[in-house]
Amino acid sequence: MVDFGFTLVPSSRINLDLFDKEKYEELVSMEPDVRICMACGSCTAVCTAGKFVHTSLREAMEDIFNAKTDNALESLRACQLCGKCAMVCPRGINTRHLIMSITKVYSKK
Ligand code: SF4
Ligand code: SF4
């Protein structure tokens with residue numbers, strides 16, 4: 001790599017070196033609203049399963065952007081698909097459908 005005399009702070013939002021664009025596009029084709037998630041965390045704050053075990057759609061989204069898809073699946077493993085998160089999402093995302101789509105796309109190796 002070229003030495004410019006300074007370093008760039010890696011983005012915490014997305015790791016472009018590792019991000020799997022192909023799989024993300026597959027996810028977008030199943031749930032286009034994934035593009036408007038603003039990682040606000042409202043879904044995680046009200047999560048039914050999250051009261052007992054680690055469950056976080058917001059973290060799963062971050063993990064997908066940072067190519068930690070196994071972590072993303074782990075963050076959603078205990079989801080009960082109750083739909084509570086869908087009721088509070090300020091972007092109106094069908095979070096249950098999104099969770100099922102994430103699981104389907106990223107479970108495939
Ligand atoms: S509540 Fe909606 S916009 Fe906020 S992190 Fe969850 S899915 Fe994304
Ligand atoms: S659908 Fe899953 S992620 Fe959403 S509130 Fe219910 S248990 Fe939590």
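I began at D70, which lies in helix α4; helices here are DSSP runs of H or I with at least four residues, strands are E runs of at least two, and both are numbered from the N terminus. With 10 C-beta neighbours inside 10 Å, D70 counts as exposed, the scale being that 20 or more other C-beta atoms within 10 Å make a residue buried, 12 or fewer make it exposed, and anything in between makes it partly exposed, with C-beta atoms placed from the backbone. I also looked up the C-alpha separation of D70 and S107, and found 8.4 Å for a pair that is 37 residues apart along the chain.

Before going further I noted the ground rules: this is a predicted model, in which local features need pLDDT of at least 70 and side-chain atom pairs count only at pLDDT 80 or more, whereas totals for chains, interfaces and linings use all residues. Residues are numbered from 1 along each chain as its sequence is written, and chains are lettered from A and ligands numbered from 1 in the order in which they are written.

**Overall layout**

I listed six helices and zero strands for the protein, so that by the DSSP assignment its elements run α-α-α-α-α-α from the N terminus on. The C-alpha trace spans about 50 × 25 × 25 Å along its principal axes, and of the 109 residues 21% count as buried. For contacts, which are pairs of residues whose backbone-placed C-beta atoms lie within 7 Å, I noted that those with a separation of 6 or more come to 62% from residues 24 or more positions apart.

**Helix packing**

I turned next to α3 (residues 57–65) and α4 (residues 69–76), whose axes come within 8 Å and cross at roughly 170°; the axes are lines fitted to C-alpha atoms, for helices over the stretch in contact, and angles run from 0 to 180 degrees between N-to-C directions. The two helices, α3 and α4, are therefore roughly antiparallel to each other, on a scale where angles under 35 degrees are roughly parallel, over 145 roughly antiparallel, 65 to 115 roughly perpendicular and the rest oblique. On the α3 side the contact is made by L57, E59, A60, D63 and I64, and on the α4 side by T69, N71, A72, S75 and L76. By class these residues are five nonpolar, three polar and two charged, where Ala, Val, Leu, Ile, Met, Phe, Trp, Tyr, Cys and Pro count as nonpolar, Asp, Glu, Lys and Arg as charged, and the others, Gly among them, as polar.

How do α4 and α6 pack, and at what angle? I read an angle of about 140° with the axes 10 Å apart, and α4 and α6 are therefore oblique to each other. The contact joins T69, A72, L73 and L76 of α4 to I99, I102, T103, Y106 and S107 of α6, and its classes are six nonpolar, three polar and no charged residues.

For helix α1 (residues 21–30) against α6 I found an angle of about 150° and axes 10 Å apart. Here K23, E26, L27 and M30 in α1 meet S101, I102, V105 and Y106 in α6, a contact that divides into five nonpolar, one polar and two charged residues.

**Surroundings of the ligands**

A residue counts as near a molecule if its backbone-placed C-beta atom lies within 6 Å of it. Around ligand 1 I found 14 residues, of which C37, C40, S42, C43 and C89 come nearest; α2 (42–45) and α3 each supply at least two residues of this shell, and its classes are nine nonpolar, three polar and two charged.

Around ligand 2 there are 17 residues, with C47, C79, C82, K84 and C85 coming nearest. The elements giving two or more residues to the shell of ligand 2 are α5 (84–88) and α6 (95–107), and α6 gives the most, with three residues. By class the shell around ligand 2 has nine nonpolar, six polar and two charged residues.

**Backbone angles**

Most residues other than glycine have a negative phi, which is the background for two entries. A67, in the loop between α3 and α4, has a positive phi of about 60° although it is not a glycine, and with 17 C-beta neighbours inside 10 Å A67 counts as partly exposed. L81, in the loop between α4 and α5, likewise has a positive phi, near 55°, and L81 is partly exposed with 15 other C-beta atoms within 10 Å.

Notes:
Two residues are in contact if their C-beta atoms, placed from the backbone, lie within 7 Å.
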